[in-house]
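Subject: Structure handover and findings

Dear colleague,

Please find the structure below, followed by an account of what was found in it. I would be glad if you read the two side by side.

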Amino acid sequence: MEPKRIGHITKINGNMVTVEFEDFVVQNEVAYILHGKERLKSEIIRVRGKSAEMQVYESTGGLKVGEDVELTGELLSVELGPGLLGQIFDGLQNPLPNLAEQCGFFLKRGIYLEALPDDAKWDFTAIAKKGDIVRSGSKLGFVTEKIFKHFIMVPFGLKGSFEVAHMAENGEYTLKQPIAGLKDGAGKPHQVFMQQIWPVKVPIQAYSEKLKPQESLVTKMRIIDSLFPVARGGTYCIPGPFGAGKTVLQQLTSRHAEVDIVIIAACGERAGEVVETLKTFPDITDPRTGRPLIDRTVIICNTSSMPVAARESSVYTAVTIAEYYRQMGLNVLLLADSTSRWAQAMREMSGRLEEIPGEEAFPAYLESRIASFYERAGLVRLHDGTTGSVTIGGTVSPAGGNFEEPVTQSTLKVVGAFHGLSRERSDARRYPAIDPLISWSKYESFVDPSHVQGGHSILRKSHNVSQMMKVIGEEGTSLEDYIDYLKGEFFDFVYLQQNAFDEVDESTDAERQSYIFNFIHNILEAKFDFEDKEKALHFFQRLRQQFRGWNSAAWKTDEFDKIEKEISSLLEEPQRSAKETKGA
């Protein structure tokens, strides 16, 4: 057994501690500060000569210069294996319910629990056979975890090809019992367990190739899927001022998006919002499976009241778990809320390191850190020919809703879609409060592109007329411009907005979206002949009311067909009225 490497604290600056050592240290190495009976987890973030700076993932209150620091030689890592689904972890992968049982309401620092229980037994079924040639990421067998086949894979850190020397018999095993033995080209044996450890800041790359995301990820939010789509394996961001509905939009997306696994990383959100998530998710019924939504969810919880350094670990812990399930051929959605708080933690550490600040005192490497996080999304083809994906959606909380600030701008450079929330829309109770005039997407929608372009066009026209009417009044607006304004408002109210309290309207599948959008497109393109503005306004008000009822009618039911006929009849009225007027 190697002797322990021990350093000594020479300086304490908030959550940054400087350590002097005699032996050697490794960049990003995990170290423990030995404070009485407490062991406080830290990470080496800079080495200079015989001293190193560490970010401490716990409160540093009470620490003293001269106290010992134990260097482990290991990188910050997570446990990967059966038992992750349905769990609530902190940024260091401590299971919070177990931690609460041990510590009570107020969590104590320096207590670290096993992320996955060692004594739990899993019913293992072998896939590989003795003599098979395998490589990192190859599937050796599986256990049943919730509703999924959780594949046990060759450890991701093994390089090259291996021969299966022996496989365990089908039966129950714990995470610490070997289920396979491999032999490399030199004849060296390697044991495989159900559990493996992986450093969080190193992407898992046990696949044959990375593909370009093309297929739409259906979130069942109409404004997203139709106008500003997200690709499966793509990236998007949701910036918006406080209270504009970012967290609610993420919760709705996590509930209804057509993905297998949802991972929520609350990296610095306010405790109140996180508590709501923790309370509601176990009781929500998954509309896809009929089981509790938590069964296909992993929550990484690191609130704004927890130590700031742990925000960084929570982001990387979440994306590593997402990559792990992607390796099984599953589609994973990672929702990070909010990356601004993670960036603020980086700014704080950068200030303590006395680095040259960038814009608004954020570190100069802010953009590259954000980019490296979003680059871990993607659609991959695995060695067995199947595909898996990680889609990353991050919220940004710019101060004062200013989208020109560094975190938003750094994020916009790397993501494929931008869903900007506006204070005006949230104040007007137009939810989701995504502003269609500033948002964009580089991905293609499943709706006809020409129809999407027409929708954008009428929204811009309507906005311009609305701004003009604020200056010259409704009287100074032509009837034609006024009808364009009413069309844009109609499109906004009946399609872009959704009622999250309505069982039907809160989510709309792709088939229904395409059908309704095409129906609305014909209305937006139609030439209406009204006598005056009052009749035009009255007509669109009635049309809007009919559509609201249509949105609440279940797809392909008698009620749905009945309302559609009523709307079609209503649309014929202006033409009938015009003919009667001409005849008279």
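Axes here are lines fitted to C-alpha atoms, for helices over the stretch in contact, and angles run from 0 to 180 degrees between N-to-C directions. Helices (H or I, at least four residues) and strands (E, at least two) are DSSP runs, numbered from the N terminus.

This is a predicted model, in which local features need pLDDT of at least 70 and side-chain atom pairs count only at pLDDT 80 or more, while totals for chains, interfaces and linings use all residues. Residues are numbered from 1 along each chain as its sequence is written, and side-chain values use heavy atoms, with hydrogens and water left out.

Overall picture

The chain's secondary structure comes to 14 helices and 26 strands, and its C-alpha atoms fill a box of roughly 105 × 55 × 40 Å along the principal axes. Of its 584 residues, 56% count as buried, where buried means under 20% relative accessible area, exposed means over 50%, and partly exposed lies in between (1.4 Å probe, protein chains only). Taking a contact as heavy atoms within 4.5 Å, residues 24 or more positions apart account for 71% of the chain's contacts with a separation of 6 or more.

Helix packing

Two packed helices are described by the angle between their axes and the distance between the axes. For helix α5 (residues 310–326) and helix α6 (residues 339–352), the axes come within 8 Å and cross at roughly 130°, which makes α5 oblique to α6; angles under 35 degrees count as roughly parallel, over 145 as roughly antiparallel, 65 to 115 as roughly perpendicular and the rest as oblique. The crossing of α5 past α6 is left-handed, a term used if the near helix is turned anticlockwise from the far one by less than a right angle, with right-handed used if clockwise. On the α5 side the contact is made by R311, E312, V315 and Y316, and on the α6 side by R341, W342, Q344 and A345. Those residues divide into four nonpolar, one polar and three charged, with Ala, Val, Leu, Ile, Met, Phe, Trp, Tyr, Cys and Pro counted as nonpolar, Asp, Glu, Lys and Arg as charged, and the others, Gly among them, as polar.

Helix α6 also packs against helix α7 (residues 366–374), at an angle of about 135° and with the axes 11 Å apart, so that α6 is oblique to α7. This crossing of α6 and α7 is right-handed. Here T339, W342, A343 and M346 of α6 meet L366, R369, I370, F373 and Y374 of α7, and by class the contact has seven nonpolar, one polar and one charged residues.

Further along, the axes of helix α10 (residues 449–472) and α11 come within 8 Å and cross at roughly 120°, and the two helices are therefore oblique to each other. In this case α10 passes α11 in a left-handed crossing. Residues that make the contact include G455, I458 and L459 of α10 and D481, Y482 and D484 of α11, and the contact as a whole divides into nine nonpolar, four polar and five charged residues.

Aromatic rings

The structure holds 30 aromatic pairs, where rings of Phe, Tyr and Trp (its six-membered ring) pair if their centres lie within 6.5 Å, and planes under 30 degrees apart count as stacked, over 60 as edge-to-face and the rest as tilted. One of them joins F490 and F540 in a tilted arrangement, 6.1 Å centre to centre with 55° between the planes. This pair links distant parts of the chain, since F490 lies in helix α11 (residues 479–496) and F540 in helix α13 (residues 533–551), 50 residues apart. F490 counts as buried at 1% relative accessibility, and F540 is buried with a relative accessible area of 3%. The rings of F519 and W550 have centres 5.1 Å apart and planes at 65°, so this pair is edge-to-face. It too links distant parts of the chain, with F519 in helix α12 (residues 510–525) and W550 in helix α13, 31 residues apart, and both F519 and W550 are buried. One aromatic cluster has among its members F490, F519, F540 and W550.

T253 lies in helix α3 (residues 246–256) and counts as buried at 2% relative accessibility. Leaving aside neighbours within four places in sequence, T253 is in contact with T219, M221, Y236 and L333. R296, found in the loop between α4 (271–280) and β21 (297–302), is buried with a relative accessible area of 2%. Not counting residues up to four places away in sequence, R296 touches residues including L85, F148, D260, D286 and R288.
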